[in-house]
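Please have the sequence and the coordinates at hand.

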Amino acid sequence: MLLKQTQLPAQDEAGFDAHGIEPVPAAHRTSSSSDQFWIWTGANIAPINWVLGALGIQLGLSLLQTLAVIVAGNLFGASLFAAFCLMGHRTGVPQMVLGRLAFGRRGAYLPALAQVLMPMGWVAINTWIVLDLCMAALERMGIGGGIELKYAIAVLVMLFQIGIAAWGFNAIKVFERYTMPFILLIMAVMTALAFLRVDIKWQSATVTGMPAFAAATQLMTAIGIGWGISWLTYASDYTRFTRPSLGATSVFRATFLGMFLPTVWLAFLGAAIASAGAGSDPSKLIIAAFGAMALPVLLVLLHGPIATNIVVIYSAALSSLALDLRRPRWVISVLSGLIASAILYAFLQSGDFAHAFDNFMVALIVWISPWAGVTLADFYLVRRGRIDVASLYEEPGRDRDFNWAGLIAFAAGFVAAWAFQMGTIKAMQGPLALATGGVDLSWLTGIGVAMASYLALHRLFGRPLARSVPSPAADAASIEPAPTST
């Protein structure tokens with residue numbers, strides 16, 4: 001498929017987003033750095049981060065140790081995320097299409113398919129938390145509706161999320177921009193109340209030595225570096241709308257802070273409350289901290305999972321289109337939401353939320369970290385950010401279908417990540433993690449081995465899909481593919 005030159009009118013700020021996976025034209029690249037900050041802040045202010053922050057306490061670390069791991073990990077994880085965001089800003093192309101660089105035109109189907117399936121679980125998990133919080137709030141009000149009420153709320157929340165995601169980037173941008181300042185104010189009040197009402201224990205560690213190190217690595221995988229890594233596959237889907245005139249430093253700073261600040265804030269808050277012995281269930285954490293004042297906090301924080309899910313559903317549709325599906329993006333968004341609803345139903349049949357989420361999170365890191373290593377090496381080290389955007393959209397051909405250097409490096413990184421993975425599913429516990437008493441370095445071995453392997457292999461038989469160009473890629477905003485691409 002060849003790109004063609006078109007002239008499109010400027011798009012209204014909240015207008016319907018008809019874009020598929022084509023490069024976003026200049027007239028539609030209107031997102032500011034503050035838009036990006038609010039989008040990613042909204043996506044990461046979710047009660048699930050209370051649960052993940054509380055994991056450090058549950059694993060036996062003190063609150064100070066937990067905070068140190070969370071801050072250190074997210075400094076690196078958020079920086080890695082911001083580096084991926086710059087790919088979208090430079091090219092105007094979504095993340096899974098950029099994957100064709102490192103894996104080939106059809107080789108990129110593998111990570112794209114994983115990115116289609118992964119968000120469904122995210123949406124189901126995040127919506128489950130919405131229901132948990134809603135029912136806790138209603139119980140505080142003396143309202144009991146049983147399972148029927150819970151399912152009715154689930155339907156309403158899913159319809160709302162699917163509607164925003166189907167409308168597209170502009171709806172997501174406006175929703176986050178105008179709701180997030182209010183949410184942050186509530187979060188500030190919530191934090192102050194927590195420190196006033198909860199008996200926080202700063203140094204009550206129950207493990208030392210090697211068990212403490214193993215616990216720290218497991219926490220690092222869940223909410224430190226691992227949390228930022230779990231968002232890498234979404235990064236360019238949103239920064240492709242940034243103004244071409246924005247500097248790379250501005251985009252990096254906005255996306256870094258949008259990831260780092262809410263993640264560390266909420267994880268620390270969850271750990272602080274859990275240090276008083278409140279457990280890890282999100283609704284119990286809130287009730288323990290705020291008592292009768294929990295009602296307004298619970299109601300407002302329903303925003304968090306919704307703000308996350310609209311981002312996830314939108315990206316799932318783009319990844320589906322990267323598989324060469326010929327359907328409008330909004331149709332795929334609706335289908336993605338419906339599939340997530342079916343998965344949510346399965347979650348509602350199982351009360352073991354924390355166990356299910358832990359298994360899911362570990363599974364994410366196994367494939368995302370080696371994918372990230374290959375993608376980083378290809379874009380920044382091999383091509384140095386200089387690509388021919390048009391060649392990403394050419395029709396498949398045998399000499400461009402597979403970049404075997406990328407695929408082999410991905411496989412090597414996957415095995416390395418699994419070897420150092422420590423989760424609750426026995427079959428997924430790697431031999432090196434077991435041999436070291438539960439040390440989980442899956443994110444590090446996955447990225448490191450994949451990156452090193454790709455750099456070594458690409459010279460042998462890595463025939464890049466997109467041709468390198470002698471200067472940074474021309475602004476993708478000036479090109480538009482044929483309408484059939486969406």
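## Basis

This is a predicted model, in which local features need pLDDT of at least 70, side-chain atom pairs count only at pLDDT 80 or more, and totals for chains, interfaces and linings use all residues. Residues are numbered from 1 along each chain as its sequence is written, and side-chain values use heavy atoms, with hydrogens and water left out.

## Aromatic pairs

Rings of Phe, Tyr and Trp (its six-membered ring) pair if their centres lie within 6.5 Å; planes under 30 degrees apart are stacked, over 60 edge-to-face, and the rest tilted. The count is 21 aromatic pairs. One of them is the edge-to-face pair of Trp 40 and Tyr 238, at 5.3 Å centre to centre with 85° between the planes. Trp 40 belongs to helix H1 (residues 33-44) and Tyr 238 to helix H10 (residues 235-239), so the pair ties together parts 198 residues apart in sequence. Helices here are DSSP runs (H or I, at least four residues), numbered from the N terminus.

Both Trp 40 and Tyr 238 are buried. Buried means under 20% relative accessible area, exposed over 50%, and partly exposed in between (1.4 Å probe, protein chains only). Ring pairs link Trp 40 and Tyr 238 into a cluster whose members include Phe 81, Trp 231 and Tyr 314.

## Helix H17

Phe 410 and Phe 414 are four residues apart in helix H17 (residues 404-419), and therefore separated by about one helical turn. Phe 410 is buried because its relative accessibility is 12%, whereas Phe 414, at 35%, is partly exposed.

## Ser 391

Ser 391 sits in the loop between helix H16 (353-382) and H17. With 0% relative accessibility, Ser 391 is buried. A polar atom of its side chain lies 2.7 Å from the backbone oxygen of Asp 388.

Technical notes:
Helix = DSSP H or I, 4+ residues; strand = E, 2+ residues; numbered from the N terminus. Polar contact = N/O pair within 3.5 Å; in protein donor to acceptor, adjacent residues only side chain to side chain.
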